[in-house]
Amino acid sequence: MTNDILTLLNQHRSIRQYTDQPLTSGEITTLVSAAQHAATSTFAQQYSIISITDPAIKQELGNITGHHWLEKSGHYFMLVADQHRNLKIAEAANADTTILRSFDKFMASTFDVAIAAEAIVTAGESLGLGSTIMGSILNHTQQVIDLLHLPELTFPLLGLAIGHPAEQPDLKPRLPQPLMHFSNQYDLPADFDDQLAAYDEKTADYYAHRNSHLKKITFSKHIVQELQRDPKLRAELIQVIKQQGFNVN
Ligand SMILES: Cc1cc2nc3c(=O)[nH]c(=O)nc-3n(C[C@H](O)[C@H](O)[C@H](O)COP(=O)(O)O)c2cc1C
């Protein structure tokens, strides 16, 4: 089964090299509109998007993420969990605002941001643009908060670099569906090990032959390697979330 949208979705790859061509203001408005029309938990629209156009801020974000290539993207968005705007609305109505500080609401903002980010990625791809979602802004969250003057009940969740692609990476093979799609209950298949071994072979082949950044690694080794990062990295996250006013105990 296929159509243009399915083809687009199944051709997704993150793009990290861009031409010099910036996005037009029309393209930026179009992408933000696509994000805005995504589903949003309880229709609370509890996120904001900050366009980063100041080269000095982009450079600082390059330092924070270690991804200096973001500075060369056609545009950079920061997607921010935002209960602050709704706090102002609630305060103006003299309402009890306790719930806005809850973990539930923090998660709702997280969902809203993630869905909005994917809408921008897909809308961008439909326009011939390429992008990369960036969780690496969380490496130094407090710095991002200070840099962007984020008020109480906001929290930076994802960066998003987008632009005209100057690379066409090979598609990363995904898990076989029996390892991630079950019926009625969580149910890894009895031949899990064999299916994983086959997928490891497939990913090893991908990493060994893709058109850049060749590596000798499998999916399983990649998962284990991810665990070897410095445990101190992002250890302060929960503290920073609390400092922003969220009650995440
Ligand atoms: C929440 C999230 C955070 C991500 N953070 C980063 C990041 O900080 N740096 C980066 O280069 N890619 C980042 N990515 C992109 C993933 O590495 C990429 O989607 C994954 O390797 C699959 O590759 P593909 O998108 O090309 O299919 C992120 C993706 C998601 C969904």
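Here, contact means heavy atoms within 4.5 Å of each other. Keep that in mind for the helix described below. What you're looking at is a predicted model, and a UniProt record (an unreviewed entry) puts the feature "domain: Nitroreductase" at residues 11-164.

**The annotated stretch**
- Across residues 11-164, the chain is 41% helix and 19% strand.

**Helix H2**
- H2 runs over residues 25-36, which makes 12 residues.
- From first C-alpha to last, H2 reaches 16 Å, close to the 16 Å expected at 1.5 Å a residue.
- Glu27, Ile28, Leu31 and Ala35 are the buried residues of H2.
- Look down the axis of H2 and those buried residues fall within an arc of 100°, so they line one face of the helix.
- Over on the other side of H2, you'll find Ser25 and Thr29 exposed.
- What do the buried residues of H2 pack against? Their partners are the strands E1 (47-52), E2 (75-82) and E4 (154-163), along with helix H5 (103-126).

**Around the ligand**
- There are 14 residues around the ligand, and His12, Ser14, Arg16, Ser136 and Lys172 come nearest.
- His12 has a polar side-chain atom 2.7 Å from an oxygen atom of the ligand.
- Ser14 uses its side chain too: an N or O atom there is 2.7 Å from a ligand oxygen atom.
- With Ile133 it's the backbone, where an N or O atom lies 3.1 Å from a nitrogen atom of the ligand.

Terms used:
Residues are numbered from 1 along each chain as its sequence is written. This is a predicted model: local features need pLDDT of at least 70, side-chain atom pairs count only at pLDDT 80 or more; totals for chains, interfaces and linings use all residues. Side-chain values use heavy atoms; hydrogens and water are left out. UniProt positions are given in the numbering used here, feature names are shortened, and annotations may be inferred rather than shown by experiment. Helices (H or I, at least four residues) and strands (E, at least two) are DSSP runs, numbered from the N terminus. The expected span of a helix is 1.5 Å times one less than its number of residues. Buried means under 20% relative accessible area, exposed over 50%, partly exposed in between (1.4 Å probe, protein chains only). The arc is that of the directions from the helix axis to the C-beta atoms. A residue is near a molecule or strand if one of its heavy atoms lies within 4 Å of it. A polar contact is a pair of N or O atoms within 3.5 Å; within protein, one must be able to donate a hydrogen and the other to accept it, and residues adjacent in sequence count only if both atoms are side-chain atoms.
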